[in-house]
Amino acid sequence: MCARDDVATTQDWRQLPPGGHVEVAVDAFRMLSDPTRLRVVWLLCGAEHDVSALAAAVGAARPAVSQHLAKLKLAGLVTVRRDGRRALYRVRGGHVRRLLAEAVEAADHHLTGRPDHD
């Protein structure tokens with residue numbers, strides 16, 4: 001089942017997703033429910049960053065950002081690659097980018113009063 005509006009049919013929404021899929025999705029939403037983690041993931045949607053750059057950008061302590069990144073990695077939302085001694089983080093694929101973009105767009109509609117659209 002694909003939940004994208006341009007592909008999903010009414011029939012797709014009549015069947016509940018498998019339990020394992022629901023649990024993983026809930027974990028992802030739980031990880032994104034923290035403001036610092038959401039900001040970190042937002043930045044990682046655009047480019048790779050190390051912990052120090054992310055900490056400076058979101059105004060949080062480096063150890064706190066490191067802990068957030070560890071949780072996001074465990075949840076499968078970010079990936080890490082080594083560049084010498086540096087660890088560079090990035091979001092894990094287009095699904096995460098689209099999920100975050102849709103959430104922020106929905107917030108914009110709510111805050112500005114713009115009508116919803118399909």
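Me: At what angle do the axes of helix α2 and helix α3 cross?

Reply: The axes of α2 (residues 35-46) and α3 (residues 51-58) come within 10 Å and cross at roughly 120°, where an axis is a line fitted to C-alpha atoms, for helices over the stretch in contact, and the angle runs from 0 to 180 degrees between N-to-C directions. That makes α2 oblique to α3, given that angles under 35 degrees count as roughly parallel, over 145 as roughly antiparallel, 65 to 115 as roughly perpendicular and the rest as oblique. Helices here are DSSP runs of H or I with at least four residues, strands are runs of E with at least two, and both are numbered from the N terminus.

Me: Before I go on, what kind of model is this?

Reply: This is a predicted model, in which local features need pLDDT of at least 70 and side-chain atom pairs count only at pLDDT 80 or more, while totals for chains, interfaces and linings use all residues. Residues are numbered from 1 along each chain as its sequence is written, and side-chain values use heavy atoms, with hydrogens and water left out.

Me: Back to the helices, then. Which residues of α2 and α3 meet?

Reply: On the α2 side they are Thr36, Arg39, Val40, Leu43 and Leu44, and these meet Leu54, Ala57 and Val58 of α3, contact meaning heavy atoms within 4.5 Å. By class, that contact has six nonpolar, one polar and one charged residues, with Ala, Val, Leu, Ile, Met, Phe, Trp, Tyr, Cys and Pro counted as nonpolar, Asp, Glu, Lys and Arg as charged, and the others, Gly among them, as polar.

Me: And how do α3 and α4 pack?

Reply: The axes of α3 and α4 (residues 62-74) are 9 Å apart, at an angle of about 110°, and the two helices are therefore roughly perpendicular to each other. From α3, Val51, Ser52, Leu54, Ala55 and Val58 meet Arg62, Val65, Ser66 and Leu69 of α4. This contact of α3 with α4 has six nonpolar, two polar and one charged residues.

Me: Changing topic: where is Asp50, and is it buried or exposed?

Reply: Asp50 is in the loop between α2 and α3, and it counts as buried because its relative accessibility is 18%; buried means under 20% relative accessible area, exposed over 50%, and partly exposed in between, with a 1.4 Å probe and protein chains only.

Me: What does Asp50 reach or touch?

Reply: Its side chain reaches the backbone nitrogen of Ala53 at 2.8 Å. Leaving aside neighbours within four places in sequence, Asp50 is in contact with Arg86, Ala87 and Leu88.

Me: What about Arg81?

Reply: Arg81 lies in strand β1 (residues 78-83) and is partly exposed, with a relative accessible area of 40%. Its side chain makes a polar contact with the side chain of Glu48 at 2.7 Å, a polar contact being a pair of N or O atoms within 3.5 Å, where within protein one must be able to donate a hydrogen and the other to accept it, and residues adjacent in sequence count only if both atoms are side-chain atoms. Neighbours within four places in sequence aside, Arg81 is in contact with Glu48, Arg86, Ala87 and Leu88.

Me: Last one: how does the whole chain read?

Reply: Along the sequence the pattern is α-α-α-α-β-β-α, which comes to five helices and two strands, and of the 118 residues of the chain, 24% count as buried.
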